[in-house]
Amino acid sequence: MNSSITAHPVRSSVALPQFDERIFAPDRLQANGVKIVTLLLFAWGALTIPGYTSSANLSAIVYAVAAVGIAAIGMAFVTMSGNLFMLSMGATAAIATILFANVLHIGLLPVVLLVVLGGALLGLLQGVVVGWTGANPIITSIAFSSIITGIGTIWSGGLTIVGHGDASWLSVGRFLGIIPNQLVLFVLIATVAEVVVERTRFGRELRLIGMNRTAASVAGLRIVRTLVIAFIVASAAGALSGALTASQAAQGNLKLGAGLDFDAIAAVLVGGISIKGGRGRIMDAAFGALFLAVVSNILLVKGLAFETQLAVKGLVVMASVITGALLVGARK
Amino acid sequence: MTAALNTSRATAVKRVGSKAMLGRLALLIAICAFFALIAPSFLAPQNIYALLQSFALLGLVTLGLSLTMIAGEFDLSVGSMVAVGGLLTIKIADHGLAFGIGAAVLFGLAVGLINAFICVRLKVASLVVTVGSMMTLSGFAYWLANGEVVSSSDIDTALLIDNPIAVIFSLRSIVTFGAFLLVTLMMNVTRAGRDIIATGSRRDVAAASGVRLGLTLALVFGLSGCMAAFAGSLLSISLVTASATMGTGTMLQAASAALIGGVALSGGRGRPVGVMLGVMILAALNNGLGALGASAATILLSNGLVLLGVVLLDGSLVADLLKRRSTARSSFGAGLPKTANV
């Protein structure tokens, strides 16, 4: 063993992520393609649909992006760590709306902190189960999803909880009177998450574990710790997304979070983050959410029913799974 | 030498297998005894009938799902397929009920084959492909239902398939038992059954020894889609209605039941008789909790806890503790995209 190491001192057993800087390198083709398609769709909408660029419609897009985008950023941590998806995010967001409405009277900032903390706790539990015991992430999070929904239903009695307090800073507040606070929050979180993944030791470990868990383990990376953190981030993001939704009506209802799992997964997949782990960037998920919001908005403005939108969303996800797989094939 | 080793190992596996089956049977009897002691009506013929009715729905779905699990894959789309199957049946039932059931089952088969095709040809992990088809089917179900509860007027057929036979059975539960019998035959007697187990245990070895992987995966996903759609069909006929939210929770329960029944997420392990016991254990648990007055939320909560428990047992924790291996071992269960290694 030792002799072979001295014979090939340069070879590393861990494949380091090497990024092709070309915009349309196979690695980045889908991620950058989606950004361009989003732009084209938006331009097409602005040119052909009257009132598309009105401030009311733009706000609608922003509010649709912010909640889903934050959840998608969290989901991206789980996907990049090689653990596919977290299917308890919708339930986490739903119970977060109940918590939000229940304690809104103590003030907005403490409430948001409490909600994020609660989400982080749920993520900690799932991260420990998945990271430490090696349980299947999807099945584990499905189990947690029904545990959380069950507790939430018992807690709220299946009713809508009306919050008493002022959540207007988060719901309709605008930074400097122009940019919605939700958008500011979303961009801020996306930037911080991107920097953390690209520039810190945790981020590099996350990538390497996602690419090749066995090699990462041999190389002595802190696997359990990294996975637990990824799940905490994801679950906290889901809870924060729930808080954003709840603030709109200052209400909590278990139905409010429904569909967030699908939306976040759709954003991650459409954005071009590889389901095999390790590849992709946090910003890809954010742009995936933007793409979905623009598509949904166009369908809505064109007068298509919510049911049709769901079907289209499913097809978009299926198409991006297939595109992603074909691109992997092209890379080889 | 290898052959001898394999035979002795096979016998050992079989012995452990039947011990585990007895354990499951004992667990089922214990659960029934527990609830019968607290609520004597639990063992009343009407309740046994109700138990077998929920077995009929969950059993078909779980049987299909467990085949994909034995082959080392996972079909997440079964829950949405129940809703689509039911909606298709009711929507087409105007042209004749057989037509409706046929369309639903064919649709299930087609979706299953597409799932298998994407898994095999594009080498995408089945958990990911079926997340996609789960979402697409769910959207399709909402589109079919168009925000309404679709109903039919065919009460006669509803009565026919739910009419008690020999006090505790019905046509639906008998059909489900029949499906279990057929799948047991397939797994034990035919080459397809051996191929499914081989595909799930050591895929590279299976491929090298002539197992047609593509065909095997097409078979399990096709059957899984068919059975989920058929279960949805029967449910909608029996309820005389169908809605987009019909399959909610079915996938969770089916996964739990399969895992309780001894099917491993890592593939290669599991027998239809175990799956049947797993479904009955879960059905008895839910039915018993209901008899004690537990709300739907409590039952959902307990289903989640049960699934978490069996996932923990299925994960490497127990093995790690027993063998004192390092936790860093990369044991993902079905999380690893197995098809990528073909």
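Is Glu73(B) buried or exposed? Select Glu73(B): this residue is buried, with a relative accessible area of 3%. Buried means under 20% relative accessible area, exposed means over 50%, and partly exposed lies in between (1.4 Å probe, protein chains only).

The model is predicted, so local features need pLDDT of at least 70 and side-chain atom pairs count only at pLDDT 80 or more, while totals for chains, interfaces and linings use all residues. Residues are numbered from 1 along each chain as its sequence is written, chains are lettered from A and ligands numbered from 1 in the order in which they are written, and side-chain values use heavy atoms, with hydrogens and water left out.

**Stop 1: the partner of Glu73(B)**

Glu73(B) and Arg203(B) form a salt bridge, with 2.8 Å between the closest N and O atoms. The two residues are 130 residues apart and link distant parts of the chain: Glu73(B) is in the loop between helix H2 (45–70) and helix H3 (78–92) of chain B, and Arg203(B) is in helix H9 (residues 203–208) of chain B. Arg203(B) is also buried, at 8% relative accessible area. A salt bridge here is a side-chain nitrogen of Lys or Arg within 4 Å of a carboxyl oxygen of Asp or Glu. Helices (H or I, at least four residues) and strands (E, at least two) are DSSP runs, numbered from the N terminus. Over all chains, the structure holds eleven salt bridges.

**Stop 2: helix H8 of chain B**

Select Asp195(B) and Arg191(B). Their closest N and O atoms are 3.5 Å apart, in another salt bridge. Asp195(B) and Arg191(B) are four residues apart in helix H8 (residues 191–201) of chain B, so about one helical turn separates them. Asp195(B) counts as buried at 7% relative accessibility, whereas Arg191(B) is partly exposed at 42%.

**Stop 3: chain A**

Now select Arg207(A) and Glu198(A). Their side chains meet in a salt bridge of 3.2 Å, N to O. Both Arg207(A) and Glu198(A) are buried.

**Stop 4: a nonpolar patch**

Return to chain B and select Leu160(B), Ile165(B), Leu171(B), Ile174(B) and Val175(B), which make a nonpolar surface patch of about 370 Å². Patches are made of residues with over 30% relative accessible area and no salt bridge; like charges are joined within 9 Å, and nonpolar side chains (Val, Leu, Ile, Met, Phe, Trp, Tyr) within 5 Å. Accessible areas come from the Shrake-Rupley method with a 1.4 Å probe; for residues, only the protein chains shown count as cover.

Which helix gives the most to the nonpolar patch? Helix H7 (residues 171–189) of chain B does, with three residues. Val175(B) lies in this helix and is partly exposed, at 32% relative accessible area.
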